[in-house]
Amino acid sequence: MAVTVISAFNDFDVKVKPSAATWAKVYGRRDSVVRVLKDAFPAGSDIRYESHKIIGSLGRNTACNPVDDIDLMVHLHVERDLWERKYRYDSSEFLYRVRRVLNENSPVRKVGARGQAVRFFYADGLSVDVAPVEKYTTGDFGIPDGSGNWLTTNPTKHETYLDGQNAALSGDLKKVIRFAKKWNKSHSSRLSSFHLEMMVARTYATLGSNPRTALRLFFDYNYNNLSVQDPAGFSGDLSSYLTQVNRIAVNDGLKSARGRADLALEAENRGDHQEAMRLWRIILGSDFPMYG
């Protein structure tokens, strides 16, 4: 346990960031699934394995503990005649084909196609969502949208954008993103992971070394300001999934967090670290250290 706010945030950073052991487990799980994919879609078949990439929070290095799923984008090349005849206008059929073939080739227990992916379940709780995609001539990818159509995406562009923002802010942006995610998770998880990351990324022109003031600025800047555009230009306004009820709830949460952050900073400035830590624990959840 910690007795200063600075040491509490340092401890919290270590606690929420995936460890080397977690990453080793992630890579091992990825490799086992990729072996199944290569066997299921071999060279010479009308759908064949081409490449894979960890995407999502793990791919952007913004994941928080506990890590319970891996998003794995898998490029499966479809022969042109088959693509034009069967899948170009029916992504659901493509996804069901992938699910069926994986069911036939893997001993791992799975569920059916889940919107955009096929999920591999494991007894230890670390699942793998296989998101099968086809690559367009533009270099972007088509991914099933869950309703039979295709969405255009390119996770590499999202990673490049976020890495650039992180580098411009001395490498501390992703740490603030993980803290913001813990706030979101501790208060009903109304914001999607990617939307939240992009909100944090657009908040700062400069970012000092104090994550407490950075979080306070995040709460303040994004209050009544939830709309943010997809930096790759694919999805438009990333807040569009929020209902009006959830928008109100998110803004209420940001306002409340901003108020408590103000009080926590005041307490820290007057030397009352116990009170400051109590308030940050309300904001960031029970994983935040208690005063020791």
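## Backbone geometry in two loops

Asn 61 is found in the loop that runs between helix 3 and strand 2. In this predicted model, Asn 61 takes a positive phi of about 60° although it is not a glycine, and its relative accessible area of 33% makes it partly exposed, because that value falls between the 20% and 50% cut-offs. The loop between helix 3 (56–60) and strand 2 (69–78) also holds Pro 66, which is joined to Asn 65 by a cis peptide bond with an omega of about -5°.

Ser 170 belongs to the loop between helix 6 (155–168) and helix 7 (173–186). Phi of Ser 170 is likewise positive, near 60°, in a residue other than glycine; with a relative accessibility of 62%, Ser 170 counts as exposed, since exposed means over 50%.

## Helix 5

The buried residues of helix 5 are Ser 91, Ser 92, Phe 94, Leu 95, Arg 97, Val 98, Val 101 and Leu 102.

## Aromatic pairs and a cluster

Across the whole structure, a search finds 12 aromatic pairs. One of them is formed by Trp 83 and Trp 150, whose rings are tilted, with 5.0 Å from centre to centre and 50° between the planes. This pair links distant parts of the chain, with Trp 83 in helix 4 (residues 80–87) and Trp 150 in strand 7 (residues 150–153), 67 residues apart. Trp 83 counts as buried because its relative accessibility of 12% is under 20%, and Trp 150, at 16%, counts as buried on that criterion too.

A single aromatic cluster is made up of Phe 9, Phe 12, Phe 179, Trp 280 and Phe 288.

## Charges over rings

Phe 9, a member of that cluster, has the charged end of Arg 212 over its ring, 6.0 Å from the ring centre. The charged end of Arg 29, in turn, sits over the ring of Tyr 122, 3.8 Å from the centre of that ring.

Conventions:
Residues numbered from 1 in each chain as written. Predicted model: local features only at pLDDT ≥ 70, side-chain atom pairs only at ≥ 80, totals over all residues. Heavy atoms only, no water. Buried < 20%, exposed > 50% of the residue type's maximum accessible area, 1.4 Å probe, protein only. Helix = DSSP H or I, 4+ residues; strand = E, 2+ residues; numbered from the N terminus. Phe/Tyr/Trp six-rings, centres within 6.5 Å; stacked < 30°, edge-to-face > 60°. Lys NZ or Arg CZ within 6 Å of the ring centre and 35° of its normal.
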